[in-house]
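Please look over the sequence and the structure first, and then follow the sections below.

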Amino acid sequence: MISENIEISLNSQLKLEANASMQYLAMASWAEINGYNGVASFFYNQSEEEKTHMLKLIKFVNERGGTAVIPSLEKPESEYESLQDLFTAFLNSEENVTNSVNQIVFECLEAKDYTVHNFMQWYVAEQTEEEAIARTILDKLRIIGSDKGGLYLFDRDIKNLDVKNSDS
Ligand code: FEO
């Protein structure tokens, strides 16, 4: 059985994952409209991943005797100035999720709830990976700058990162 406080925190985390899923869908759509099909595919996959993160939390909360609260949708940001802007927003979103994961891990230790603590380790590892991907991509974009040929190749090559993502 999970405590009321942990249940609230896990529900707030599943809302964050749901919002991230919608946010990445909006990013995928922006990329598609702007001719970056590789980037669009990357974000469609990211959106699906976030949905699985949300589902994992819903099932866990319910299995542990709590009640998962299915959140209402928030309208995500859908305007971006550039790929740099898009991926900076991606990194910010992931950092925000990481902070929330870390906060829950802290709460678990305080409450000596080692079951939830153990469950959350999957999210800790996942966040490390997602932040690393976002930073690697931003480094590449910094080198490319506004070079159109470079952006074209970037869009083509991000599909390789895609494969790695969908396997994880
Ligand atoms: Fe599930 Fe990328 O946060």
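## Aromatic pairs

Rings of Phe, Tyr and Trp (its six-membered ring) are taken to pair if their centres lie within 6.5 Å, and a pair counts as stacked with planes under 30 degrees apart, as edge-to-face with planes over 60 degrees apart, and as tilted for the rest. A search of the whole structure finds 14 aromatic pairs. One of them joins tryptophan 30 and tyrosine 80, whose ring centres are 5.9 Å apart and whose planes meet at 80°, so this pair is edge-to-face.

Phenylalanine 60 and phenylalanine 119 form a stacked aromatic pair, with 3.7 Å from centre to centre and 5° between the planes. This pair too links distant parts of the chain, with phenylalanine 60 in helix 2 and phenylalanine 119 in helix 4 (residues 114-144), 59 residues apart. Phenylalanine 60 is buried at 10% relative accessibility, and phenylalanine 119 is buried at 13%. Elsewhere, ring pairs link Tyr24, Phe42, Phe43, Phe87, Phe90 and Phe154 into a cluster.

## A charge over a ring

The charged end of lysine 56 sits over the ring of tryptophan 122, at 4.4 Å from the ring centre. A charge is said to sit over a ring if NZ of Lys or CZ of Arg is within 6 Å of the ring centre and within 35 degrees of the ring normal.

## How the model is described

This is a predicted model, in which local features need pLDDT of at least 70 and side-chain atom pairs count only at pLDDT 80 or more, while totals for chains, interfaces and linings use all residues. Residues are numbered from 1 along each chain as its sequence is written, and side-chain values use heavy atoms, with hydrogens and water left out.

The protein has five helices and zero strands, and read along the sequence it follows the pattern α-α-α-α-α; helices (H or I, at least four residues) and strands (E, at least two) are DSSP runs, numbered from the N terminus. The 30 residues of helix 1 should span 44 Å at 1.5 Å a residue, and its end C-alpha atoms are 44 Å apart, which agrees. Helix 2, with 27 residues, reaches 39 Å from its first C-alpha to its last, close to the 39 Å expected at 1.5 Å a residue. The expected span of a helix is 1.5 Å times one less than its number of residues.

Just after helix 1, glycine 35 takes a positive phi of about 85°, and just after helix 2, glycine 65 takes a positive phi of about 90°. Most residues other than glycine have a negative phi. Lysine 112, however, has a phi near 55°, a positive value in a residue other than glycine. This lysine 112 lies in the loop between helix 3 and helix 4, and it counts as exposed at 61% relative accessibility.

## Two residues in their surroundings

Alanine 89 lies in helix 3 and is partly exposed, with a relative accessible area of 24%. Not counting residues up to four places away in sequence, alanine 89 touches Met27 and Tyr80, where contact means heavy atoms within 4.5 Å. The C-alpha atoms of alanine 89 and glutamate 110, 21 residues apart along the chain, are separated by 32 Å.

Arginine 142 has its place in helix 4 and is exposed, with a relative accessible area of 58%. Arginine 142 and glutamine 84 are 58 residues apart in sequence and 7.7 Å apart in space, C-alpha to C-alpha.

## The protein as a whole

The C-alpha atoms of the protein fill a box of roughly 55 × 25 × 25 Å, taken along the principal axes. Buried residues make up 44% of the 168 residues. Among contacts between residues at least 6 apart in sequence, 79% join residues at least 24 apart.

Notes: Buried < 20%, exposed > 50% of the residue type's maximum accessible area, 1.4 Å probe, protein only.
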